[in-house]
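Here are my notes for someone opening this structure for the first time. Have a look at the model, then go through the points in order.

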4 protein chains.
Amino acid sequence: MQNTEDRIRASFVAQGLMTTIGAKLDRVADGEVQISMPFSKSLSQQQGFVHAGAITSIVDSACGYAALTKAPAGFEVVTAEFKVNLLRPAIGTRFVAIGKVQNAGKLLTVCTGEVRAFKDNDESFKVVAIMQATFVNVSA
Amino acid sequence: MQNTEDRIRASFVAQGLMTTIGAKLDRVADGEVQISMPFSKSLSQQQGFVHAGAITSIVDSACGYAALTKAPAGFEVVTAEFKVNLLRPAIGTRFVAIGKVQNAGKLLTVCTGEVRAFKDNDESFKVVAIMQATFVNVSA
Amino acid sequence: MQNTEDRIRASFVAQGLMTTIGAKLDRVADGEVQISMPFSKSLSQQQGFVHAGAITSIVDSACGYAALTKAPAGFEVVTAEFKVNLLRPAIGTRFVAIGKVQNAGKLLTVCTGEVRAFKDNDESFKVVAIMQATFVNVSA
Amino acid sequence: MQNTEDRIRASFVAQGLMTTIGAKLDRVADGEVQISMPFSKSLSQQQGFVHAGAITSIVDSACGYAALTKAPAGFEVVTAEFKVNLLRPAIGTRFVAIGKVQNAGKLLTVCTGEVRAFKDNDESFKVVAIMQATFVNVSA
């Protein structure tokens, strides 16, 4: 995985949006990637919770990089589509997105993801969003 | 609509994420809202195009505010879920999200949205993403 | 279009499910296909309305055949994914699904569709469902 | 659960479509329901595999009944929307849909589901489809 992880870390750094929203690449495993983001007022919707767009950004990237761990050599992945259900308001001090590959085909990879909300140093969490997404392998 | 528009403008200003990504509320009409966002490297994915998360952020807000124009007095809307298809890379100098109400029920409002990519001052555009979304009316 | 229409008519006849649910191929145009289905108790959910699965079946086929009108020669299409919002109970005597291509790429075609409910010979209708879907071109 | 199971069994019998497609209610547990369907040519798409619409029908019902196990007394559920990814062709002799509640709120319940394809008496299976869906509680 080292090679893949290096490649994903380099790609992550090139994602301007991840820096803008304060996201960090926590973990890269075969078929599973984790990205976290601290709460910030700069990510809020009108009630002060984290905006669905910021939540979607980290879980889309987590799923996309999970898909990339399964892509053939010389291929990149791009998002074809995703669907997100927001289960409850995104309230917390830290949000962790986990993307997992459900099926990796030649052309398309389907992933599911979830975003967990943590408060301070408490280990317990609430799942605030779930995603089902499709990625396309494209020549790099 | 003036009252609704004022309420939406006040809500928009309270969305920290809209400021962070440089989004502007362009137009509020009955059942339809338009939000625009200039290109910025701070919104990019790894290839330099605008990240799906930023594209989703503006079209989710546009659809949500379109839903709000149809909400009963004393109600807010929150996003229950959305689905986005990314039709092509988000390449352009300016992106315009348009959200439209398809059906407004007592509890749920269903909207569709699209994001158009413009280059410089050219009036022509390409649709880079389409959304289908559900919003819930909640007591304000 | 004659050739494409013939091909779609032949394919439609081979879809056992379309016969089972009483569906008919009404119209094939470039990028747009219409399929209708009369009400039947054999298609109902528990309240007597048409089941979401039957509604989905006709709009999936309508979107898929719309995608096929844009597929390169020698290619079939298969459904990669779809998302359906059910706007109101599927009450009516006849249901008409219309699928339209939104973007046809080399590999993937994105369509939107809707299902209209008609009562008896009344020309007015209510949209009971909308779909956003992705199809993949595969060698026939 | 007996009361809920009785109620679900009565509701299932009232679903004309479930009879039409040969579906059976296999199992009702708290927050999880299983429905199976044998292969039949009458459910096919043009290549002879099971049509996405039939696959969707059983997993929509499985998710909906899973949601119903969590609904307050005196409430029914109706499908608001669902999204299905078709992971591979629906080839098999028997298909089993499993619906699970992910979050049950006052108004909305979010479920995920999958459809497994089995061949003959082999215990191994392939997941052919996954669903993410929203159900609304409505007064019965």
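**Notes on the model**

1. Let's begin with a ring. Phe118(C) has a relative accessibility of 11%, so it counts as buried (buried means under 20% relative accessible area, exposed over 50%, partly exposed in between, with a 1.4 Å probe and protein chains only). Phe118(C) forms a tilted aromatic pair with Phe125(C), at 5.4 Å centre to centre and 45 degrees between the planes. Rings of Phe, Tyr and Trp (its six-membered ring) pair if their centres lie within 6.5 Å; planes under 30 degrees apart are called stacked, over 60 edge-to-face, and the rest tilted. Phe125(C) comes out as partly exposed, at 36%.

2. A word on what you're looking at. This is a predicted model, where local features need pLDDT of at least 70 and side-chain atom pairs pLDDT 80 or more, while totals for chains, interfaces and linings use all residues. Residues are numbered from 1 along each chain as its sequence is written, chains are lettered from A and ligands numbered from 1 in the order in which they are written, and side-chain values use heavy atoms, without hydrogens or water.

3. Back to the rings: over all chains, the count is eight aromatic pairs. In one of them, the centres of Phe12(C) and Tyr65(C) are 6.3 Å apart with planes at 55 degrees, so this pair is tilted. It links distant parts of the chain, 53 residues apart: Phe12(C) sits in helix H1 (residues 2-13) and Tyr65(C) in helix H3 (residues 52-68) of chain C. Helices (H or I, at least four residues) and strands (E, at least two) are DSSP runs, numbered from the N terminus. Phe12(C) is buried at 9%, and Tyr65(C) is buried at 4%.

4. Which strands stand at its edges? The open sheet has 12 strands, paired antiparallel, in the order S1(A)-S2(A)-S4(A)-S5(A)-S6(A)-S3(A)-S3(B)-S6(B)-S5(B)-S4(B)-S2(B)-S1(B) (two strands pair if DSSP finds at least two bridges between them). Strand S1 (24-29) of chain A and strand S1 (24-29) of chain B are at the edges, each with a single partner strand, so one side of each has no neighbour in the sheet.

5. Zooming in on chain A, five bridges join S1(A) to S2(A), and the two run antiparallel. Val28(A) faces Val33(A) in S2(A). Their hairpin has two residues between the strands, and Gly31(A) takes a positive phi near 80 degrees there. On to the next pairing: S2 (residues 32-38) and S4 (residues 94-104) of chain A run antiparallel and are joined by seven bridges. Glu32(A) stands opposite Lys100(A) in S4(A).

6. Lastly, the copies. Chain B can be laid on chain C with an RMSD of 0.0 Å, by a turn of 180 degrees and a shift of 0.0 Å along the axis (superposed by least squares on the C-alpha atoms of residues with pLDDT of at least 70 in both). That is the relation of a two-fold axis.
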